[in-house]
2 protein chains.
Amino acid sequence: MSVTAAKGFTAAGIAAGIKESGGLDLALVVNTGPSRAAAGVFTANRVKAAPVLWSEQVLGEGRLSAVVLNSGGANACTGAPGFQDAHATAEQVAEELTAATGTEHGAGEIAVASTGLIGLRLPMDKLLPGVSTAASALSEHGGEKAALAIKTTDTVHKTARASSPAGWTVGGMAKGAGMLAPGLATMLVVLTTDADLSAEELDAALRGATRTTFDRIDSDGAMSTNDTVLLMASAASGVRAEQAEFAEAVRAVCDDLGQQLVHDAEGATKDIRIEVVNAANEDEAVTVGRTIARNNLFKCAVHGEDPNWGRVLAAIGTTDAAFDPDALDVAINGVQVCRAGAVGEDRDKVDMRFREVRVTADLHAGSASAVIWTNDLTADYVHENSAYSS
Amino acid sequence: MSVTAAKGFTAAGIAAGIKESGGLDLALVVNTGPSRAAAGVFTANRVKAAPVLWSEQVLGEGRLSAVVLNSGGANACTGAPGFQDAHATAEQVAEELTAATGTEHGAGEIAVASTGLIGLRLPMDKLLPGVSTAASALSEHGGEKAALAIKTTDTVHKTARASSPAGWTVGGMAKGAGMLAPGLATMLVVLTTDADLSAEELDAALRGATRTTFDRIDSDGAMSTNDTVLLMASAASGVRAEQAEFAEAVRAVCDDLGQQLVHDAEGATKDIRIEVVNAANEDEAVTVGRTIARNNLFKCAVHGEDPNWGRVLAAIGTTDAAFDPDALDVAINGVQVCRAGAVGEDRDKVDMRFREVRVTADLHAGSASAVIWTNDLTADYVHENSAYSS
């Protein structure tokens, strides 16, 4: 599992002292090659954290030797000094790699990712020595520890893998009680593979996968400044992956990690699968699904196990999507509670006791569909996000 | 105060038995003339309740003799039968007025407004006799009772008035723990005046007033299917109002009622005034303010009295408004916690103990500004909206 499931990668997770709790807070993932091809997807937020600005720039080359990740501080809204901190962190990793391998490494091949409170500088006096400690702890079995070191409010660490009969593997780790864009809390994901692919092939597979997985999780409608998803290929298996099969493996790993994020969303007691069907096009299906997912009244109703389909219709009615209000159908957990914009089957038939709640909205306006995942809104969510400064 | 503050109006509020609690649930407001000029503004939701569809149609004539309002049921998503119920209610009011005045009244001059649970037919066997009871209870002192009869989760009834030295008055009542568009719960507002104005003049004053008052309250981002704001003029003062002065009086009454809605929002402990300044244009100022107002993480932070300006920046960053992320300033309760997109004054200086919290976001992109009001997100909000089916 995790980022060391694929051959050609070492990883470590250590406690650098960034978190006041003393817990694991620094992860390092190194691609030992022979290939260093890489791709990345970042937050769509226009207010981007320094490590995002740094890593986007680095990824322009389509090549990464390593990624260093820290929890305990987002390094966002920290201005030019914050960007210098991200640069210095990459520099330190490059120096350690150069010393360990005898081969020259530069900061320009090192990605940086951070998560935690916005608006605080990172404690570089702890972080830089931590990079050295992590470098000396690198191991082919370090994937789990790396996954543990990127947790913030996550109650469990998240890892996944998919292997091909052709002889290659995709592995990954994720943190976050949310999603890529928009993101509840920061979502950080590192995927690795020992398949042999070009940076362009990795980019196509990654964008295709995130578009229908992480991008369709909308736990609380809030987009992070730090969301980062990286995919690195070592080619250590010696196998050229077939693009379609590889894309499907990446999608499967992203979907698996995405589901783990939903299950672990802050304060949530329900995972809500919203499927919009018969939309005029996919964009409108996504828009309608996202609008339902972001409706606080609907999210509260689901928390109360109340099949309040009126709130679903009221949410749909705020969109510009093509539909006739008198043709809308809504089913909750398979019961068609709203038919043709009005009362359908008896709402008392809806059983909402279980964690997964399925909502289907039929727009009767075309043949496109999309699935958006969200969570209920709970008193625990409020508590966690008002008591904890994140 | 209320709708009978202006001359030429009678009102009543009675218990028709629509609410299971047996509380007041039916209000009637009658314009006794001599003028019957009127204007209305309705929800922007495309899923509109039957009474909204009915009243929009009726207002096409710019003329209203009365409005009948009920709590205890929204008559939304009830299909053609629901529309027939709204029509039948207006018919009943017209018959009562005809009987009481000896002058022929038709359903086409009666507006209908409803609030309560979506997706349920109204109990017409209780509502229609209730209309007769209300008609017989009409009084020039009935404004308070009418305001009480339209409450749902409101903890207090809301009324306001403004009078001109010229000799005319604007009075009004409101219900709702939210706003016009978008609307938390349904917002119903009836404004009356004894000034003499045409339907076109009333319409201009009402649209101008709602645009910068009710339309800029965004307690929870959820838009109702039933929001209705009506303005009726009796001309009973015999005074032709000067348009600018009248528009300002209507704006003042709307602003007063709007503030009362914010103060009484479901579960709220904070009223948050978000002022966006130096935007490229007013629309962008409103968009940025609304986006901050709808950010659940920010709303939770305010609940926890945490001056978490990073969440304000993260929210602004999701908009398309003109700004440079490195030029954003944010002040909370007068303390400039974020300067030029990075750390400003010490956040510990921010005192957030009081109910009103002021956030100022300076986009440095122009000279337009706007104020949006919202509330914090609380466990009580979650409880009220998950336990109570509304």
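Mentor: Contact means heavy atoms within 4.5 Å. Keep that rule in hand. This is a predicted model, where local features need pLDDT of at least 70, side-chain atom pairs count only at pLDDT 80 or more, and totals for chains, interfaces and linings use all residues. Residues are numbered from 1 along each chain as its sequence is written, chains are lettered from A and ligands numbered from 1 in the order in which they are written, and side-chain values use heavy atoms, without hydrogens and water.

Trainee: Which residues are in contact with Thr186(A), leaving aside neighbours within four places in sequence?

Mentor: They are Ser114(A), Thr115(A), Lys175(A), Gly176(A), Ser224(A), Asn226(A) and Asp227(A). Thr186(A) itself sits in the loop between strand 7 (169-175) and strand 8 (188-193) of chain A. Helices (H or I, at least four residues) and strands (E, at least two) are DSSP runs, numbered from the N terminus.

Trainee: What feature does UniProt place at Thr186(A)?

Mentor: The unreviewed UniProt entry puts "active site" there. UniProt positions follow the numbering used here, feature names are shortened, and annotations may be inferred rather than shown by experiment.

Trainee: Why is Thr186(A) called buried?

Mentor: Its relative accessible area is 8%. Buried means under 20%, exposed over 50%, partly exposed in between (1.4 Å probe, protein chains only). So Thr186(A) counts as buried.

Trainee: What makes Glu248(A) and Arg251(A) a salt bridge?

Mentor: A salt bridge is a side-chain nitrogen of Lys or Arg within 4 Å of a carboxyl oxygen of Asp or Glu. Here the N to O distance is 3.2 Å, so the pair qualifies. Both residues lie in helix 6 (residues 243-263) of chain A, three residues apart, about one turn of the helix. Glu248(A), at 41%, is partly exposed. Arg251(A), at 28%, is partly exposed too.

Trainee: Which parts of chain B does the pair Arg63(B) and Glu109(B) tie together?

Mentor: These two form a salt bridge, with the closest N and O atoms 3.8 Å apart. Arg63(B) lies in the loop between helix 1 (50-59) and strand 4 (66-70), and Glu109(B) in the loop between helix 2 (79-101) and strand 5 (110-114), so the pair ties together parts 46 residues apart in sequence. Arg63(B) is partly exposed at 40%, whereas Glu109(B) is buried at 12%.

Trainee: How many salt bridges cross the interface of chain B and chain A?

Mentor: Zero by the rule.

Trainee: How much area do chain B and chain A bury between them?

Mentor: About 3,800 Å², 57% of it on carbon and sulfur atoms. Buried area is the accessible area (1.4 Å probe) that two parts lose on being put together, summed over both. The contact takes 51 residues from chain B and 51 from chain A.

Trainee: Why are the two copies said to be related as by a two-fold axis?

Mentor: A rotation of 180° with 0.0 Å of shift along its axis superposes chain B on chain A (RMSD 0.0 Å). The two copies are therefore related as by a two-fold rotation axis. Superposition is by least squares on the C-alpha atoms of residues with pLDDT of at least 70 in both. In chain B, the C-alpha nearest the axis belongs to Ala379(B), 2.1 Å from it.

Trainee: Which residues touch the most other members of the largest nonpolar core?

Mentor: Val29(A) and Leu69(A), in a core of 89 residues. Such a core is a set of buried Ala, Val, Leu, Ile, Met, Phe, Trp, Tyr and Cys residues joined through side-chain atoms within 4.5 Å.
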